[in-house]
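Biologist: Before we discuss this model, please show me the sequence and the structure together. I would like to go from one residue to the whole chain.

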Amino acid sequence: MTPKPHQPFYGWLIVFVSAIGLFLGPPLMVFSFSVFFKSLVLDFHASRAAVSFAFSLFNIMGALLIPCTGMLIDRFGAKRVILVFTLLYGLLLCSALWVGSSLWQLYLLFTVLGIAMASGPAPVPYGVVISHWFNRHRGFALGLSMMGIGIGSVVIPILAQRLITAFGWRTAFAIFGGAVVLLPLPIIAALLQNDPEQRGLQPDGDEKNQLSPLHSQDKQGLTWHEIWHSPAFWTLICIFSLAGASVHGAALHMSAIFTDRGVTAERAAIATSLVGIAVMLGRVASGYLLDRLFAPRVAILFYGATALGIAILCAGTSGPFALVASFLVGLGMGAEVESMAYMITRYFGLASFGTAYGHAFGAFMLSGAAGVFLMGAGFDRFHSYTVPLAGLCGAMVLALILLTRLGPYRYGVEAKINQPVGSLEVPSGA
């Protein structure tokens, strides 16, 4: 069965469903954490480092689980994993109503939320689905699917601030939890499909007799053993880890950075939303460019913007320039997830993509946890964000250097965009 010429490719509906599924995941727990941050500090009578550690636990537990999730996806398909863990995530958000005033209860809540969100409304399972549905337009499709995170990153922080002001952080969590259960779950159950073969289709809507060798080659890929022993894989892990620590550390403390400089909480929430707007633009722009340019060069462009934004914040700038800095930080954050998924598929194929992506994303989350904690600890030590911001800027510069060491793609892309930046090669076995 092949799609009729006048029928739109079902894969674009998969992109839309993925965006819906991601809307209340990272935008709530990651991008809105800075909005919840000071309320948690006051409610639990804790230091900033202590509250930052709650998010670190969230990221650590998610990072530890997500490689196992990738293996489950490779074996059983992404849809089942998404449905089970998205339901669990919504119910856990509702359980915030029963969290007391002890800090260990906050830690427990964020720990189990990290486990649930990393395998449900998160980039890895949806990235696997999109990568199977698209080849030629994979970058753009990944970018559009992650628009759910981008749009949520604009809307959710402002909505969360209003809910916290009106009802407190516990009720705000519960309201979001109810929305997770009632809105995306039925849509995902009805419409999401693991790959185009389930509907008798081919990637990008191609007819079977029109498939190029690139499609066939991309469908295979390296084994997990080969990926694990590839120097290119560990270079990518280092890049994602350095960038993850930098963007998470800066973005999740963005509201606190602004309020410490005399900005009102409402205006600080706008700065956080600016990060979300930039994330949204970064998703689409980087996805579009990934299909047309060599991916490491695209990453250099967006990560360079983030390094510049962090440098501006480090300089202590306030006013419009600080808002520009928050926007630049968001641009790099917007390019991270789809660049990660895209480069892994192009260097290693789809055969063990879920496992490889899970390990890479786990490293990304662990480094993000470290970045957020070090920002809080750095403030407690120096009574300023200047020193930790300088460290994050240095980490981004190192990531930019490593990007220049990546060699040519191996799977499913035309030679015209398969031009290496550096000389690091991928193993030849497939």
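Biologist: Leaving aside its neighbours within four places in sequence, which residues is S52 in contact with?

Modeller: This is a predicted model, in which local features need pLDDT of at least 70, side-chain atom pairs count only at pLDDT 80 or more, and totals for chains, interfaces and linings use all residues. Residues are numbered from 1 along each chain as its sequence is written, and side-chain values use heavy atoms, with hydrogens and water left out. S52 lies in helix 4, residues 48-76, helices being DSSP runs of H or I with at least four residues, numbered from the N terminus. With contact meaning heavy atoms within 4.5 Å, the partners of S52 beyond those neighbours are F33, F37, H253, V372, F373 and G376.

Biologist: Does S52 count as buried or exposed?

Modeller: Buried means under 20% relative accessible area and exposed over 50%, with partly exposed in between (1.4 Å probe, protein chains only). Because its relative accessibility is 0%, S52 counts as buried.

Biologist: What percentage of the 430 residues of the chain count as buried?

Modeller: The chain has 20 helices and 0 strands. Its C-alpha atoms fill a box of roughly 65 × 45 × 40 Å along the principal axes. Of its 430 residues, the share that counts as buried is 60%.

Technical notes:
Helix = DSSP H or I, 4+ residues; strand = E, 2+ residues; numbered from the N terminus.
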